Amino acid sequence: MSGCIGISLILAIIVSSAVGTLTPLFFKKIKIDPAVASGPMITTLNDLVAVVAYYGTSWIFLLNVLKLG
């Protein structure tokens, strides 16, 4: 169980940092103020990534690998 949580946290942190870096660059490229536009979007995407990473890894490990479901 702790391995599943650890892997999902690592995955969520890596993807969230990439999203947090690339979103302002995208907004700057399309000529929108990155400071104003990217705040709510980054927060929402980071929350979604964390939930999908946790439930995805728990589904893979607990249901498929350990046959607990």
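Q: Is Phe61 buried, partly exposed or exposed, and what is its relative accessible area?
A: Phe61 is partly exposed, with a relative accessible area of 30%. Buried means under 20%, exposed over 50% and partly exposed in between, with a 1.4 Å probe and only protein chains counted. The model is predicted: local features need pLDDT of at least 70 and side-chain atom pairs pLDDT 80 or more, while totals for chains, interfaces and linings use all residues. Residues are numbered from 1 along each chain as its sequence is written, and side-chain values use heavy atoms, leaving out hydrogens and water.

Q: Which helix does Phe61 lie in?
A: Phe61 lies in helix α2, which spans residues 34–65. Helices are DSSP runs of H or I with at least four residues, numbered from the N terminus.

Q: Which residues of α2 are buried?
A: In α2 the buried residues are Ser38, Ile42, Val49, Ala53, Thr57, Ser58 and Leu62.

Q: What covers them?
A: The cover over the buried residues of α2 includes α1, residues 2–29.

Q: Why does Thr57 count as buried?
A: Thr57 counts as buried because its relative accessibility is 7%.

Q: And what does Thr57 touch?
A: Leaving aside residues up to four places away in sequence, Thr57 touches Cys4, Ile7, Ser8, Leu11 and Leu62. Contact means heavy atoms within 4.5 Å.

Q: Changing topic, what follows α2?
A: Lys67 follows α2, and the phi of Lys67 is positive, near 55°.

Definitions and conventions
Helix = DSSP H or I, 4+ residues; strand = E, 2+ residues; numbered from the N terminus.
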